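Trainee: Hi, I'm new to reading models like this one. Can you show me around while I ask some quick questions?

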Amino acid sequence: MAAPGENLRINADRLWDAIHEMAEIGPGVAGGNNRQTLTDEDGEGRHLFKRWCEEAGMSVAVDEMGTMFARREGTDPDALPVYVGSHLDTQPTGGRYDGVLGVLGGLEIVRSLNDLGIKTKHPIIVTNWTNEEGTRYAPAMLASGVFAGVHELDWAYDRKDAAGKRFGDELERIGWKGEEPVGQRKMKAFFELHIEQGPILEDEGIDIGVVTHGQGLKWLQVTITGKESHTGSTPMPKRRNAGLGMARVTELVHEVAMDYQPNAVGAIGHVEVYPNSRNIIPGRTVFTIDIRSPNKETLDTMDARIREGIAAICEAMDISHEVEQVGHFDPVTFDEDCVKAVRNAAERLGYTHRNIVSGAGHDACWINRVAPTAMVMCPCVDGLSHNEAEEISKEWAQAGADVLFHAVVETAEIVE
């Protein structure tokens with residue numbers, strides 16, 4: 001297939017304006033966004049996106065999970081479509097770009113093709129996946145997970161938020177429950193543009209991250225039980241301190257992750273200490289360990305070492321422990337041809353680029369199970385995301401969308 005010419009570029013001003021017009025819906029308190037999934041604000045953002053898509057000549061379909069599919073026809077009605085997109089929902093204190101850049105970058109591809117009068121053999125479908133963030137309804141990447149067969153539809157509908165409201169009920173309430181069965185669509189390929197959400201690209205002065213892998217993840221919930229006793233009158237040798245046990249496990253997790261550099265990570269996040277009184281030695285701690293690696297063998301080895309280490313720590317301290325796996329997905333290796341299309345696009349356009357591993361989960365990670373998939377990343381300031389201070393430059397957005405444009409159009413095949 002013929003590669004697009006290097007003069008093929010998106011309209012950066014129009015993309016930038018669209019991003020910031022969308023940000024006016026569900027504004028945060030500090031310049032970012034609070035447009036959580038299935039809220040009124042989410043519904044309003046969807047209506048704006050639908051209007052823009054229809055103005056660009058696309059037809060919009062919605063499936064039973066509320067995922068939106070905006071279609072630009074190809075010249076061959078039987079050709080498998082090329083999909084591109086991300087998500088419009090945000091964290092409660094989210095930024096303007098996480099997810100939104102990928103959806104509106106996809107819209108900008110279609111707008112630019114229209115401007116240039118370019119037709120493609122394969123249809124192009126711009127997608128807004130429902131509930132990628134997973135803040136209001138756990139787990140994250142919920143709709144793409146149902147699409148890929150990871151979750152059952154009824155199970156997803158039964159997810160409840162902190163107020164006890166069901167996902168399925170709220171999807172109906174905001175008017176975005178479609179009739180199309182989930183997961184029946186076939187894709188030639190799927191591409192997702194996203195901000196890095198980490199500091200590597202900015203630190204190295206690189207324009208484009210060519211995402212080759214997504215990290216696998218395990219969440220372990222650990223309960224350590226010792227004995228509550230007075231901090232002042234209990235002799236040090238007789239203490240069974242669950243808080244000290246947790247501290248030693250914290251060091252263990254860090255040491256294990258450091259042994260598998262450069263891409264493995266590990267930390268303790270959520271922590272509860274009981275009874276949480278200043279003059280009582282903790283009798284129980286409950287905490288979560290988050291470990292990630294792009295290599296399944298490494299991830300499993302880290303898991304085993306941490307479990308063995310916890311057992312040894314607790315035996316030495318005469319305290320008990322329980323470990324429960326509460327979250328998991330395997331590492332992702334993105335499609336070789338799709339990754340090559342992204343890399344070739346960056347080279348053709350003269351952007352600096354490097355291979356990168358996604359440290360976060362994305363809809364592309366689930367879609368990779370059912371279709372050839374790849375991701376494009378652009379830098380973000382200080383690697384900051386899931387924060388209202390999240391920031392990118394218009395130039396970074398343009399570079400990412402240009403590369404996305406070329407990868408999608410090359411895959412969709414320009415008709416001369």
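**Spaces and packed helices**

Mentor: Asp89, Thr90, Gln91, Gly94, Gly95, Asp98, Glu133 and His386 line the largest cavity. This is a predicted model, with pLDDT of at least 70 needed for local features and 80 or more for side-chain atom pairs, while totals for chains, interfaces and linings use all residues. Residues are numbered from 1 along each chain as its sequence is written, and side-chain values use heavy atoms, without hydrogens and water.

Trainee: How many cavities of 30 Å³ or more are there in the whole structure?

Mentor: One turns up, and the volume of the largest cavity is about 30 Å³. A cavity is a set of points on a 1 Å grid over the protein atoms alone where a 1.4 Å probe fits but cannot get out, and lining residues have an atom within 4 Å of a point. Volume is the space filled by probe spheres set on the points, which are joined across faces, edges and corners.

Trainee: And what about the largest pocket, how much space lies in there?

Mentor: About 1,300 Å³. Of the 47 residues lining that pocket, Leu217, Arg292, Gly359, Ala360 and Gly361 are the closest to its centre. A pocket is an open set of points with protein on both sides within 12 Å along at least five of seven lines.

Trainee: Which strand gives the most to the lining of the pocket?

Mentor: Strand 15, with five residues. At least two lining residues come from each of strand 8 (216-225), strand 10 (265-274), strand 12 (284-293), strand 13 (320-329) and strand 15 (353-358). Strands (E, at least two residues) and helices (H or I, at least four) are DSSP runs, numbered from the N terminus.

Trainee: Okay, new topic. At what angle do helix 3 and helix 12 cross?

Mentor: Roughly 60°, and the axes of helix 3 (residues 100-116) and helix 12 (residues 394-412) come within 9 Å. Axes are lines fitted to C-alpha atoms over the stretch in contact, with angles from 0 to 180 degrees between N-to-C directions. Helix 3 and helix 12 are therefore oblique to each other. Angles under 35 degrees are roughly parallel, over 145 roughly antiparallel, 65 to 115 roughly perpendicular, and the rest oblique.

Trainee: Which residues meet there?

Mentor: From helix 3, Leu101, Gly105, Gly106, Ile109, Ser112 and Leu113 meet Ala397, Leu404, Phe405, Val408 and Val409 of helix 12. Contact means heavy atoms within 4.5 Å.

Trainee: How do helix 2 and helix 3 lie to each other, roughly parallel or roughly antiparallel?

Mentor: Roughly parallel, because the axes of helix 2 (residues 40-55) and helix 3 cross at roughly 15°. Those axes come within 10 Å. Phe49, Trp52 and Cys53 of helix 2 touch Val103, Leu104, Leu107 and Arg111 of helix 3.

Trainee: And helix 1 with helix 2, at what angle do they pack?

Mentor: About 150°, with the axes of helix 1 (residues 12-22) and helix 2 10 Å apart. Helix 1 and helix 2 are therefore roughly antiparallel to each other. Ala18, Glu21 and Met22 in helix 1 meet Gly45, Leu48, Phe49, Arg51 and Trp52 in helix 2.
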